[in-house]
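This report looks at charged side chains and how they pair, and then turns to the chain as a whole. Please keep the sequence and the structure in view while reading.

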Amino acid sequence: MTTPRPVQLSHLRQLAITKQYLHDAQNPTFADVVASIGCLQLDPISAVAKNHRLVMWSRVGNYDMGALSDFIYGEKQMFEYWAHAASLVLSEDYPIHRHWMNLYPHPQGRVQAWINELGEKGVALKNTILTRLQNEGALPSRAFEGGEKGGVSSGWTGESMLNKMIDYLWCRGEILVAKREGNQRWWDIAERCLPTSAPRHVFSEEEVVSIAIQKAIRGLGIGTVPHIKIHFTRNSYPKLDTILKKLVADGIVIPVKLMNDTSEMRGAYYLHSADLATLEYIERGGFAPKTVLLSPFDNLMCDRKRTEELFDYFYRIEIYVPQAKRQYGYYVLSILQGDKFIGRIDPRMERKTGVLHINAVHAEPNAPDDNGTVMAIRGQIDALGAWLGAKEIRYSSVIPSQWEGITR
């Protein structure tokens with residue numbers, strides 16, 4: 001039986017941050033970042049910027065948004081599918097996602113029942129979509145609506161049915177998103193949305209789960225079984241315990257005993273052997289801290305419970321909370337300094353006027369108040385404004401007294 005390796009909680013945090021490219025790294029590329037974090041969650045809200053763009057900005061700094069779009073859709077290095085939510089996933093991970101595409105929908109599930117109920121109408125609609133994409137190339141959803149030239153007949157299908165069928169074909173991997181124009185997705189035959197270099201081989205389910213477990217652990221830095229289950233390919237880990245035991249027996253995954261000073265924390269934690277050298281470097285004082293702003297859907301904190309347990313930071317989305325009842329704001333960015341969350345900002349980018357509004361700034365209890373911290377926060381807000389093309393940054397009066405210097 002393998003004896004768990006002791007790891008201090010502070011070192012777990014620092015490893016997680018390093019694996020997420022939220023440390024002070026030397027000019028990471030888009031490819032570096034996505035290879036390590038695995039996916040970029042998609043979200044339509046753009047109070048500041050679209051989530052996948054903001055997640056990348058936190059890691060590489062100011063970049064050309066068009067370059068990221070070209071990396072994703074032009075070079076086809078990523079494609080849209082399900083990870084721990086609707087996400088951009090790596091084309092090199094196509095065989096993992098292809099496995100779950102092949103199993104969709106569940107034979108006894110509601111989607112299959114809907115397909116069965118549609119009968120010949122469903123087959124006709126499916127064939128219309130696939131034939132037009134095959135012959136015409138990428139098309140937006142609206143191109144198939146009854147009012148559009150070449151659209152499906154509104155006499156036997158409606159917009160809801162069309163959208164459901166497109167979603168069905170996407171989940172099955174028969175079609176993928178070729179590009180986006182705003183929030184409008186342009187669909188095409190899946191094969192044309194992938195690079196020729198994307199692997200096409202078929203894995204067994206055990207191989208798929210084994211690879212996904214390793215990717216989840218490496219993205220987390222160190223994690224427990226519950227952490228793995230909702231990371232990367234969320235809730236798609238059949239026989240996880242059995243496969244994890246084999247990875248431990250093979251020396252690929254290392255059991256960890258998590259320590260908070262001299263007290264052992266509850267839970268069985270796991271580290272990937274490929275990250276052992278990085279952990280040892282961090283334990284020798286090699287962690288490179290920096291101050292960053294994080295999206296509400298950032299990969300580091302998408303598991304709210306884990307964030308609370310390991311970082312002692314409580315965060316909940318207040319987008320759907322009535323304005324008068326919000327504690328922190330509509331679209332709140334967290335302030336990460338080194339390996340600690342020290343505060344939050346509530347920004348809104350007004351694109352018509354070019355003004356970045358900082359509606360509120362909040363400090364966590366015992367947040368540092370030294371001049372270096374204040375200047376680092378101000379520097380991040382200034383950098384965010386520059387990246388967004390803001391002509392002006394306006395602060396409200398809701399600023400902690402110890403951080404008043406950020407407005408000067």
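Arg316 is partly exposed, with a relative accessible area of 38%, in this predicted model. The partner of Arg316 in a salt bridge is Glu308, with 3.5 Å between the closest N and O atoms, and Glu308 is likewise partly exposed, at a relative accessible area of 34%. Because both values lie between the limits of 20% and 50%, neither residue counts as buried or as exposed.

A second pair brings together the side chains of Asp188 and Arg192, which meet in a salt bridge at 2.7 Å, N to O. Here Asp188 counts as buried at 8% relative accessibility, whereas Arg192, at 31%, counts as partly exposed.

Where in the chain do Arg59 and Asp298 lie? The side chains of these two residues meet in a salt bridge of 2.8 Å, N to O, and the pair links distant parts of the chain, with Arg59 in helix H3 (residues 51–60) and Asp298 in the loop between strand E12 (291–294) and helix H13 (304–311), 239 residues apart. Arg59 is buried, with a relative accessible area of 2%, and Asp298 counts as buried too, at 0% relative accessibility.

| Pair | N to O distance | Relative accessible area |
|---|---|---|
| Arg316 and Glu308 | 3.5 Å | Arg316 38%, Glu308 34% |
| Asp188 and Arg192 | 2.7 Å | Asp188 8%, Arg192 31% |
| Arg59 and Asp298 | 2.8 Å | Arg59 2%, Asp298 0% |

Side chains of opposite charge can pair when their charged atoms come close. The structure holds 19 salt bridges, and Lys19, Arg218 and Asp275 are linked in a network of such bridges. Across the protein chain there are 47 positive and 45 negative side chains, and the centres of the two sets lie 3 Å apart.

The protein chain as a whole has 14 helices and 16 strands. With a radius of gyration of 23 Å, close to the 22 Å that the globule rule gives for 408 residues, the protein chain is therefore as compact as a globular protein of that length, and its C-alpha atoms fill a box of roughly 65 × 65 × 40 Å along the principal axes. Buried residues make up 51% of the 408 residues, while the protein chain exposes about 19,000 Å², of which carbon and sulfur atoms supply 49%. Among contacts between residues at least 6 apart in sequence, 65% join residues at least 24 apart.

Definitions and conventions. Residues are numbered from 1 along each chain as its sequence is written. This is a predicted model: local features need pLDDT of at least 70, side-chain atom pairs count only at pLDDT 80 or more; totals for chains, interfaces and linings use all residues. Side-chain values use heavy atoms; hydrogens and water are left out. Helices (H or I, at least four residues) and strands (E, at least two) are DSSP runs, numbered from the N terminus. The radius of gyration is taken over C-alpha atoms; the globule rule is 2.2 Å times the number of residues to the power 0.38. Buried means under 20% relative accessible area, exposed over 50%, partly exposed in between (1.4 Å probe, protein chains only). Contact means heavy atoms within 4.5 Å. Accessible areas come from the Shrake-Rupley method with a 1.4 Å probe; for residues, only the protein chains shown count as cover. Lys and Arg count as positive and Asp and Glu as negative; His and the chain ends are not counted. The place of a charge is taken as NZ of Lys, CZ of Arg, CG of Asp or CD of Glu. A salt bridge is a side-chain nitrogen of Lys or Arg within 4 Å of a carboxyl oxygen of Asp or Glu.
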